[in-house]
Amino acid sequence: MPLLSVDELTITFAGRGQRDARAVDGVSFDVDQGQVVGLVGESGCGKSVTSLALMGLLPGRGVRLGGRAEFDGTDLLTLPAARMRDLRGTQLAMIFQDPLSSLNPVVPIGVQVTEILARHRGMRGEAARKEAAHLLDRVGIPDPTRRLKEYPHQLSGGMRQRALIAMAVACAPRLLIADEPTTALDVTIQAQILELLKELVDQEGTALLMITHDLGVVAGLCEQVNVLYAGKVVESAGRRALFDAPTHPYAHGLLGSIPRLDAPRGEALRPIRGSINDRIDWADGCAFAPRCDRYTMECLTGTPALTEPHTPGHQARCVNPVLPEGATSPQRTEATG
Amino acid sequence: MLRLVVRRLLQLIPTLLGLSVLLFAWLNRLPGGPAAAILGEKATPADVAAIEEALGLDQPVWVQYLRFLQRLGRLDLGTSTMTGQPVWEEFTRAFPATVELGVSAMVIAVVVGVPLGYFAARRRGGWLDVTAVSGSLLGICIPVFFLAFILKALFAVQLGWFPSFGRQTTGIDATEITGFYVLDGLLTGEFDAAWDAVTHLVLPALALASIPLAIIVRMTRASVLEVLGEDYVRTAESKGLRKSTVRGRHVLRNALLPVVTAIGLLTGGLLSGAVLTESVFAFGGIGSFIKEAIDARDYPVLVGFIMFIALAYVVINLLVDLAYGLIDPRVRVH
């Protein structure tokens, strides 16, 4: 049984006077114990909202949740707020995008680490400070005892993200959700942070749900990848399978849009045309159709199903999938599970 | 820290000197003068000249100014032309009443305003929020003296819950040490006198608190709403902290930063701006004294008062800056 099983998750924001906006439209994916799973997509595809919904951090008013998200057998979406509060920090933890704005500017780093130790592990005073220093040391912050007394603005960007990671792993959670943890950082620091996450996950057996728009991050870290488009998973595969044979035209376009150093001089970049705003309702057909080079009238006849067009375990939601060379006609087997 | 204090206090010297020059130039332009005010309408020019000579007003303005500076060097603000008492003594007599009133009003405004603003923001759009927002608009709109009259008419005259004027019931046997009646009563153990002073304070303090209260409610509300949307509050929630920790350490502490600045500025205003409230309740503070001094063209008192208010503003702002450094490490002075 997977550690986290998200099944047909929908998130709808009540529109004030306008029609409701469905940010996430039936997303399903699993995260196994100790597995690193990527949730990939461009801005606005619903990946961040998904993570906030799993953490129970969406506002109660104006947001409707549907489907299930079973974590170790309990549905996170219907869990009472008080129970969720106990799970957060201990079982589930999260790392956010912008480390500076994610840290309280007027509270010393030390207090921001020890408060979680006090809350969940009952540690106070000297014991808590020692453990906090140990945690900072473990995420690679030099001179941790001195850093405990400092404030976020006195730390560098990479150090701040390390401190946030220290807080997230303070109670050895079973699932860590990282929402674009490297986006706000310099490239050299990005690599260090990813390395650190990988190390922690390997050592502790923590499962990691990595939310990113950066395919480089996916390539370096994730075992299983789910590509999101307009609130639905459009492709789900192992990392190798995805990079070798991107099957949904969107995933294909994403990989194709990466500039390559070995490309011939003067070759134009290949962006996916349009933006995520050029979409149709999933109910009417494939939301990607208006931007897709392969679309046919068939694309506009209801939501395409998630199928395994060429390889078992490699799922794509497309009626005109991109098939790897050598693959025979699409098998169109209905995906299971 | 010490350097900041010293630098600010040094900056005060040119500020006050400049202010005093302006004051002398301006007062000299005012029609009438202390002599006319003392003698009344039927004064003969000879009488006026005699008094002006006695007060030193026959001298050119710059001579008067130099004499003022000379006295100031000895911390002597001169003698009131209205009462014949040293200005300094008049101030020490009248200021405690104003400070007591101003501080009480500010305590009311902060103790009521901050929680009200906070809960209004937490339950945005709820009945408490609507009441707080419209109530604070009303508080800003109603003239203070009008509110003072209403409070007095209702709670003092009609219902008789509170005394209607003064700082103390006449004939009460209270020992005076500092001039702050509530404090005196507590210091000497004369609790009945302290309580008597408190009942006298309630209505004028409520009237005076209306505007600062309204401002503090609004600022706290806006600030809390802003902070609630901050990423670090989400981080705190993601750690599964108790609600009380999230609210106290992460929301309120940040939300109060702008409110502290406002409290400082408002406090300065209360010290100089209680004139109308004091006259409605015959409170006998500096406000009513200054009103009389203006009528009497009492130059020494006016100059001394205005300079004192300037001093008070600077000192209060310095205190605010220091307090700010305590709660916000980003602006801490090293």
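The following legends describe close-up views of a predicted model.

**View 1. Packing of helices α3(A) and α6(A).** In chain A, helix α3 (residues 109-121) and helix α6 (residues 157-168) have axes that come within 9 Å and cross at roughly 20°. Because angles under 35 degrees count as roughly parallel, α3(A) and α6(A) are roughly parallel to each other. Their crossing is right-handed.

**View 2. Residues joining α3(A) to α6(A).** From α3(A), the residues Ile109(A), Gln112(A), Val113(A) and Ile116(A) meet Ala163(A), Ala166(A) and Met167(A) of α6(A). Classified by residue type, this contact of α3(A) with α6(A) comprises six nonpolar residues and one polar residue, with no charged residues.

**View 3. Packing of helices α5(B) and α13(B).** In chain B, the axes of helix α5 (residues 87-122) and helix α13 (residues 286-295) lie 7 Å apart, and the two helices pack at an angle of about 135°. This angle makes α5(B) oblique to α13(B). On the α5(B) side, Glu90(B), Ala94(B), Phe95(B) and Thr98(B) meet Ile286(B), Gly287(B) and Phe289(B) of α13(B). The contact of α5(B) with α13(B) contains four nonpolar, two polar and one charged residues.

**View 4. Confidence in chain B and in the model.** The mean pLDDT of chain B is 81, with 97% of its residues at 70 or more. Among the elements of this chain, helix α2 (residues 34-39) of chain B has the lowest mean pLDDT, 71, whereas helix α10 (residues 231-238) of chain B has the highest, 91. The model scores ipTM 0.86 and pTM 0.79.

Key:
Residues are numbered from 1 along each chain as its sequence is written. Chains are lettered from A and ligands numbered from 1 in the order in which they are written. This is a predicted model: local features need pLDDT of at least 70, side-chain atom pairs count only at pLDDT 80 or more; totals for chains, interfaces and linings use all residues. Axes are lines fitted to C-alpha atoms, for helices over the stretch in contact, and angles run from 0 to 180 degrees between N-to-C directions. Helices (H or I, at least four residues) and strands (E, at least two) are DSSP runs, numbered from the N terminus. Angles under 35 degrees count as roughly parallel, over 145 as roughly antiparallel, 65 to 115 as roughly perpendicular and the rest as oblique. A crossing is left-handed if the near helix is turned anticlockwise from the far one by less than a right angle, and right-handed if clockwise. Two residues are in contact if their C-beta atoms, placed from the backbone, lie within 7 Å. Ala, Val, Leu, Ile, Met, Phe, Trp, Tyr, Cys and Pro count as nonpolar, Asp, Glu, Lys and Arg as charged, and the others, Gly among them, as polar. pLDDT is the predictor's confidence in each residue, from 0 to 100.
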